[in-house]
Amino acid sequence: MSGKREKLTLLFPWQDRVIYRSLPDETLHDLGLDEMARKVTADGKEQAMILQVLRNVSPDPAVARFRADVFDDLYHHQEIRNRMVKLLDHVKFLNDFGAVRRSSDEGVGVWDLIHRLDELGDYIATVEAMEECLQAEQLQSEGLRKLRRDIHEIWEDSGFDGLKQDIAALRADTDHVKSITVGLNLNERFEPIQAGLVSVNSKPFTRSNLIQHFADALVRRSSLKQDAEWDGNMTWEPADGAAGLSNLLEQASHTAMAMRNPLLAMTMSGVPDSDGGRDLTRTMDSAMGHMLSGMVRKLREVLNRYAAVSIREVSDLIPEMLYYVRWAEYLEKLAQAGWTLCKPEVLDGETPEMDARGFYNLKLIWVEKPETAVRNDLVFTRDTRVYLLTGANRGGKTTVTQAVGQLFLLAQGGLFVPAESFRYTPADAVLTHFPADEDRTLDLGRLGEECQRFRQIFQECTEKSLLLLNESFSTTSFEEGYYIASDAVRAILHRGTRCIYNTHMHKLALDLTQTAAGQASDGPRPASLIVHSDGAHRSFKIECAPPQGSSFARDIAEKYGVTYDCLIGE
């Protein structure tokens with residue numbers, strides 16, 4: 001055996017040097033990814049695995065690229081991914097229910113040893129099939145090529161080739177066992193009181209109805225033997241008790257009834273059930289082992305030699321493989337329905353950036369058609385780190401904010417994303433500050449809760465993070481909210497965190513962008529982003545432009561007839 005191997009994984013490579021940060025449940029909920037997981041699979045364990053992967057992020061571009069390439073391979077090769085799932089599922093069955101992982105064979109009989117040998121042979125065949133499956137030339141990802149090397153290493157380290165030869169030799173011996181002869185001692189009521197193994201035979205019996213033989217012998221006295229002598233080479237070991245033979249004798253009673261022999265039927269159906277019958281199988285196994293002592297010795301030598309062979313490391317791959325497979329199945333259906341998806345391009349630059357073209361919120365697939373869903377473009381650059389997104393109520397601000405967060409977490413999870421193209425530097429965290437539930441604000445009040453939660457989130461942010469604010473500090477008066485929000489945005493700019501802050505405070509966006517424009521600074525600047533509007537029509541299309549201010553309120557007032565002219569005119 002070689003030294004300790006690195007854990008097999010398709011999702012969390014290089015764990016000795018990569019730190020994976022776990023995001024809070026609020027982030028997944030705010031972005032609608034918990035609901036998305038339920039759409040991807042109905043299995044609760046698979047949903048948990050999906051959320052576990054999406055919440056564990058690393059800013060290392062190599063990890064994101066590793067995952068994306070694995071998914072790309074599996075997405076485009078359905079037959080390979082389906083075959084791998086079946087093979088891994090079989091390994092998991094052996095791991096969960098098989099005896100092959102038993103660390104010791106002391107105290108077990110020949111039947112159990114042969115069963116364990118069969119399981120090892122089954123496991124070898126499965127690993128062999130996995131290695132063959134991963135040999136496909138069209139698989140290009142580093143992750144699947146590494147898995148192929150790891151599987152081959154398991155093969156060599158575990159001595160599978162030698163084990164195959166040992167199993168083949170032992171099977172040649174055990175295959176010669178075709179039948180056994182069992183002897184029963186009866187009392188005067190034809191009740192079995194002792195049982196033993198008479199012989200192990202290399203040929204099968206030509207007639208299987210042993211009960212019929214017994215019934216025939218009782219009816220025809222001439223068929224009864226006068227002694228119970230056996231060949232001297234035969235081994236017979238008695239076993240008291242009869243419970244283990246109840247089923248056999250029950251069959252005999254049915255045979256007797258068919259022969260219209262009620263006395264025999266009554267006698268054979270009255271077999272006592274005692275605890276001693278439980279030892280029959282063990283005793284028979286012991287007798288068998290004694291007669292096949294050479295074979296048993298070989299079996300134990302082989303199993304002890306390969307006792308270290310563990311199938312858990314292979315079976316542990318199943319949740320990771322299912323993560324990719326379930327997403328591939330789901331996204332395939334979306335692509336077939338006409339939704340645009342793309343493989344994300346991972347950037348290696350020191351300054352975290354993003355360039356998203358034609359992106360949309362994945363939740364739109366539940367309420368829109370591909371041809372009607374609005375797509376948008378957005379970039380983060382060295383100079384533009386914070387977007388102040390304003391627009392009409394129900395104009396799509398939250399939808400856009402969620403969509404950007406989805407892009408990052410889906411991409412860093414290795415998946416295709418809802419966009420025409422997506423180039424990005426991975427984030428070390430995606431954090432959200434969305435309105436809290438009412439029951440979380442009872443102690444501090446809504447504004448107090450918002451301020452406390454924002455401070456906690458901000459302390460976790462770095463220049464590599466993505467921060468998404470949804471109507472933050474809007475639960476108080478405009479003056480108070482404006483004051484708090486101004487300081488919060490300036491702090492975010494100072495830290496260099498990528499941020500989208502959607503807000504109804506148009507004055508905030510106007511003042512901050514105008515102030516930044518009048519300052520000579522090499523640092524990042526805020527940008528005003530609006531949901532474009534043509535009168536009362538909401539296009540859900542975003543663009544970089546000054547905030548439109550009170551015009552949205554005027555649109556709503558005219559729509560519902562609460563302008564001065566409308567009211568007086570009535």
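I began with a definition: buried means under 20% relative accessible area, exposed means over 50%, and partly exposed lies in between (1.4 Å probe, protein chains only). I kept in mind that this is a predicted model, where local features need pLDDT of at least 70, side-chain atom pairs count only at pLDDT 80 or more, and totals for chains, interfaces and linings use all residues. Residues are numbered from 1 along each chain as its sequence is written, and side-chain values use heavy atoms, with hydrogens and water left out.

Entry one. I looked up salt bridges (a side-chain nitrogen of Lys or Arg within 4 Å of a carboxyl oxygen of Asp or Glu). By this rule I found 17 of them.

Entry two. Asp-150 pairs with Lys-146, with 3.0 Å between the closest N and O atoms. Both sit in helix H7 (residues 142-157), four residues or about one helical turn apart; helices are DSSP runs (H or I, at least four residues), numbered from the N terminus. Asp-150 is buried at 12%, and Lys-146 is buried at 17%.

Arg-490 is exposed at 51%, while Asp-487 is partly exposed at 34%.

Entry four. Lys-507 and Asp-511 form a salt bridge at 2.9 Å, four residues apart in helix H19 (residues 506-517). Lys-507 is partly exposed at 41%, but Asp-511 is buried at 19%.

Key
Helices (H or I, at least four residues) and strands (E, at least two) are DSSP runs, numbered from the N terminus.
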